[in-house]
Amino acid sequence: MQLIILTSETDFDGWRKAARSLVLHRIDPADVTWTVQGQSQVPSGLSEVSHLPPIETEGTFSVPANFIELARLAILHRDGDRFALLYRLLWRLKSDHDLLATMSDPDVAQANARGNAVRRDAQRMRDVVRFREIGREHKAHYAAWFAPEHHIVEFTAPFFARRFADMPWSILTPDVCAHWDGHAISFTPGISQMEMPAPSKLEETWRRHFQPDRQQTLQDEPRTRRRNLPEASILEPLLSDAERWTGGRMNPRPEISMARKPATDDLETLREEAAHCRACPLWKDATQIVFGEGPRNATIMLVGEQPGDKEDLAGHPFVGPAGQMLDRALEEAGIDRKKVYVTNAVKHFKFVPRGKIRLHQKPVTPEIRACRQWYERELAAIDPALVVAMGATAAQSVFGKITPVGKTRGRLIDLDGDRKALVTVHPSYLLRLPDEEAKKLEYQRFVDDLRIAAAQQKKAARAA
Ligand code: URA
């Protein structure tokens with residue numbers, strides 16, 4: 001067994017060098033353990049680094065350029081298995097040069113999901129980092145707080161150096177802090193999350209970084225006076241921003257993010273927030289979140305179970321076979337899909353890999369519960385007159401408890417206020433029926449249920 005110790009979480013060059021050497025020595029991925037220097041957990045039975053003998057002949061092999069591009073990104077993902085995953089891919093690429101084109105391959109899908117997650121996180125950092133001027137009475141400096149999901153600070157810092165080339169800035173994060181002095185970027189250790197949003201700690205952090213000469217003075221100030229110091233006015237807005245940028249992401253428990261729920265959510269903000277949801281583990285293997293879609297003023301909200309394979313890859317709900325079935329039935333019932341909001345109870349694809357395909361798995365209650373916050377917030381944002389729950393998972397989310405479809409199907413049920421719910425089957429149930437006759441009958445019943453929804457839509461339009 002080879003133990004490879006990389007110098008940091010973002011040591012791509014170290015990984016590349018080691019991986020190249022391992023491949024040339026024909027060392028199977030199952031025989032390699034990857035870790036990062038200073039990590040307390042050294043796997044049992046591996047207390048020392050094993051050194052590979054030097055390669056005698058200059059061995060080479062080529063890998064597709066898009067693999068290097070993907071590996072550079074995916075290595076920044078926070079999951080501990082990424083080094084091993086990328087080595088496994090590299091190993092397999094040697095005998096299957098086109099492997100990366102097989103999107104359903106579990107290793108390829110996972111590496112892409114990790115690369116995409118990193119890309120999105122870097123974009124989020126570029127979008128939300130807001131600098132505040134600090135230390136005006138000395139020399140102006142600008143600072144921001146950000147909590148990245150992944151190890152993206154070094155990767156994204158050059159963007160800020162280009163964009164804010166004329167101002168000295170610092171971006172504080174729990175992993176690493178990036179600083180720009182107008183000439184060069186430097187990095188210092190991160191600020192622990194435990195330290196983070198407490199005001200006094202934030203103040204200390206600021207002093208440590210930017211105003212060492214004022215440190216003692218500030219420490220000695222009584223609390224009431226401290227509030228009147230120039231730093232206080234700088235710190236307060238920064239702190240509220242820090243809470244806003246941090247909230248929900250550091251603590252994935254759904255009830256925390258519910259507590260932060262604004263009165264009315266803007267759908268775009270909601271979508272952006274949901275993209276970072278870690279309330280259950282399904283995000284890890286999914287390509288991306290598949291959030292609801294449709295007009296903000298929709299009177300009908302259709303709720304499915306969870307995205308399938310096609311939806312996971314496309315990032316849109318109901319675009320695969322079940323979606324085609326749904327579209328046909330909606331049209332027959334007289335409902336224009338463009339006018340309804342379509343979403344799912346669970347917003348990440350749950351599957352098990354089976355060879356080249358990803359087999360759909362039914363979400364379990366903790367996953368439905370963890371994801372319910374997003375359904376509730378979509379409901380508040382759209383405020384539809386009718387919610388159509390398609391299938392048992394959707395019904396469980398809509399009613400907040402296990403709700404058998406057979407007992408509730410096809411009738412209007414009161415929700416809060418004037419809002420109604422309608423339970424029907426899931427379109428993929430129709431796809432699974434083996435008997436053609438039963439399929440026809442059940443499809444007709446599904447259309448009949450949707451006609452009830454169409455009537456409600458007309459009623460809501462008249463009332464508006
Ligand atoms: N099934 C669902 O429940 N939702 C989709 O988006 C696709 C298939």
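## Ligand site

The model is a predicted one, in which local features need pLDDT of at least 70, side-chain atom pairs count only at pLDDT 80 or more, and totals for chains, interfaces and linings use all residues. Residues are numbered from 1 along each chain as its sequence is written, and side-chain values use heavy atoms, with hydrogens and water left out.

The shell around the ligand (a heavy atom within 4 Å) includes Gly 304, Glu 305, Pro 307, Gly 308, Glu 311, Pro 317 and His 426. Its residues divide into three nonpolar, five polar and two charged.

## Polar contacts and cover

Polar contacts are pairs of N or O atoms within 3.5 Å. A backbone N or O atom of Gln 306 is 2.9 Å from a ligand nitrogen atom, and one of Phe 318 is 2.8 Å from a ligand oxygen atom. Asn 344 places a polar side-chain atom 2.7 Å from a nitrogen atom of the ligand. Of the 240 Å² of accessible area that the ligand has on its own, the protein covers 93% (Shrake-Rupley method, 1.4 Å probe).

## Cavities

Three cavities of 30 Å³ or more are present, a cavity being a set of points where a 1.4 Å probe fits but cannot get out.

Terms used
On a 1 Å grid over the protein atoms alone, a cavity is a set of points where a 1.4 Å probe fits but cannot get out, and a pocket is an open set with protein on both sides within 12 Å along at least five of seven lines; lining residues have an atom within 4 Å of a point. Grid points are joined across faces, edges and corners, and a volume is the space filled by probe spheres set on the points. A polar contact is a pair of N or O atoms within 3.5 Å; within protein, one must be able to donate a hydrogen and the other to accept it, and residues adjacent in sequence count only if both atoms are side-chain atoms. Ala, Val, Leu, Ile, Met, Phe, Trp, Tyr, Cys and Pro count as nonpolar, Asp, Glu, Lys and Arg as charged, and the others, Gly among them, as polar.
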